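Here is a short note for a first look at this structure. Please read the points with the model open beside them.

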Amino acid sequence: MKIATFSTQHYDQEYLNQFNTGHEITYFKVPLNEQTVVLTKGFDAVCIFVNDLANEDVLKVLAENGIKLVVLRCAGFNNVDIEAANQLEIPVVRVPAYSPEAVAEHAIALILTLNRKTHKAYNRIREGNFSLEKLMGFNLHNRKVAVIGTGAIGKAFCRILKGFGCKIAAYDIYPDPALLEAGIIYGTLEKTLADADIVSLHCPLTETTHHLINENSLKLFKHGAMLINTSRGGLIHTADVIEALKTGQLGYLGLDVYEQEGNLFFRDFSEDIIQDDLIARLISFPNVLITSHQGFFTKEAMEQIAVTSFLNIDAFVNGEELVNQIR
Ligand code: NAD
């Protein structure tokens with residue numbers, strides 16, 4: 001198959017080339033969107049990532065250009081209009097669980113860094129400052145952690161938290177039987193948020209979860225609680241979170257995702273003036289830690305993404321069942 005692959009960095013090329021099962025791949029650095037969809041003429045499939053856009057308009061042009069398959073090299077699919085794809089009869093396949101541990105471990109890294117301030121200690125020591133002033137953290141042992149969404153990543157996150165001796169409370173529209181058996185208590189969203197020292201988001205971005213964390217839900221939080229989002233930026237109303245940080249209602253914020261990340265993440269703007277005032281304000285807080293969507297970024301996950309993407313493509317070519325199709 002001739003595959004147009006969008007939003008590619010050198011590491012994507014490295015892993016896709018290594019596990020390619022014989023397809024002709026063209027790499028585009030640019031994301032797929034209304035402006036770039038023209039590039040797909042003459043290809044059979046597109047391979048896209050988290051910040052590519054496959055809305056109805058883009059999908060219509062893909063269909064006109066003869067694209068027969070949309071291959072997501074990620075788990076989340078909030079950037080694809082699945083209904084429109086179904087109507088156009090373009091199957092959309094994804095990599096449902098390439099390495100839940102990769103993202104769960106990154107959520108833990110955000111918690112530990114925000115809490116024990118190792119990023120600040122690193123810089124201080126390099127400048128010859130060995131003071132402990134303002135570096136005090138808290139024990140994770142016995143702390144109450146709210147896990148919102150207990151799918152593959154939420155479950156891996158719970159397993160790690162158990163090792164730390166945390167008290168886990170969970171909220172999910174479909175509670176997980178294995179976690180219930182392991183003694184994890186599910187409650188309503190409101191109660192789960194209200195009881196927690198740390199809230200970590202692991203549910204997908206849908207119409208229901210869009211801006212799940214907003215002015216009203218933030219009022220339910222314990223004063224000074226920590227919020228971690230490694231799921232999708234749109235789960236959080238950023239301006240409301242900034243207000244909660246300013247009053248101290250929110251004590252710490254760890255983000256691996258950001259609602260407007262498509263304009264920023266995966267690129268170097270170190271010599272530019274950042275025009276996004278919300279992220280500029282977030283960066284200015286001493287108790288906010290932002291990473292640019294790197295939760296997935298481990299060798300194991302990159303390998304699994306490449307392997308599963310080609311399994312999905314080969315299944316389509318061979319007319320086999322598309323086990324990872326989003327319907
Ligand atoms: P999953 O589908 O295995 O689990 C999602 C869970 O959320 C399910 O248990 C589901 O029942 C639950 N859920 C759905 N709607 C809900 C709602 N309204 N309220 C509460 N729970 C709800 O997905 P996963 O593999 O665990 O991934 C979770 C999310 O993590 C993905 O949707 C994606 O957005 C994000 N993700 C981020 C990265 C990263 O690099 N930061 C990488 C992979 C995935």
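1. The chain splits into domain 1 (2–98 + 299–317) and domain 2 (100–290); these bounds come from an automatic or database domain assignment. The C-alpha centres of domain 1 and domain 2 are 29 Å apart. Ten residues from domain 1 and eight residues from domain 2 make the contact (heavy atoms within 4.5 Å).

2. A word on the basis. This is a predicted model, with local features needing pLDDT of at least 70 and side-chain atom pairs counted only at pLDDT 80 or more, while totals for chains, interfaces and linings use all residues. Residues are numbered from 1 along each chain as its sequence is written, and side-chain values use heavy atoms, leaving out hydrogens and water.

3. Which residues come nearest to the ligand? They are Y98, A152, I153, D172 and T230, out of 23 residues around the ligand (a heavy atom within 4 Å). By class, this shell has eleven nonpolar, nine polar and three charged residues. Here Ala, Val, Leu, Ile, Met, Phe, Trp, Tyr, Cys and Pro count as nonpolar, Asp, Glu, Lys and Arg as charged, and the others, Gly among them, as polar.

4. Now the polar contacts (N or O atoms paired within 3.5 Å). A polar backbone atom of A152 is 2.9 Å from an oxygen atom of the ligand. For T230, a polar backbone atom is 2.9 Å from a ligand nitrogen atom. R232 uses its side chain: an N or O atom there is 3.2 Å from an oxygen atom of the ligand. The protein covers 85% of the 870 Å² of accessible area that the ligand has on its own (Shrake-Rupley method, 1.4 Å probe).

Note on methods:
Polar contact = N/O pair within 3.5 Å; in protein donor to acceptor, adjacent residues only side chain to side chain.
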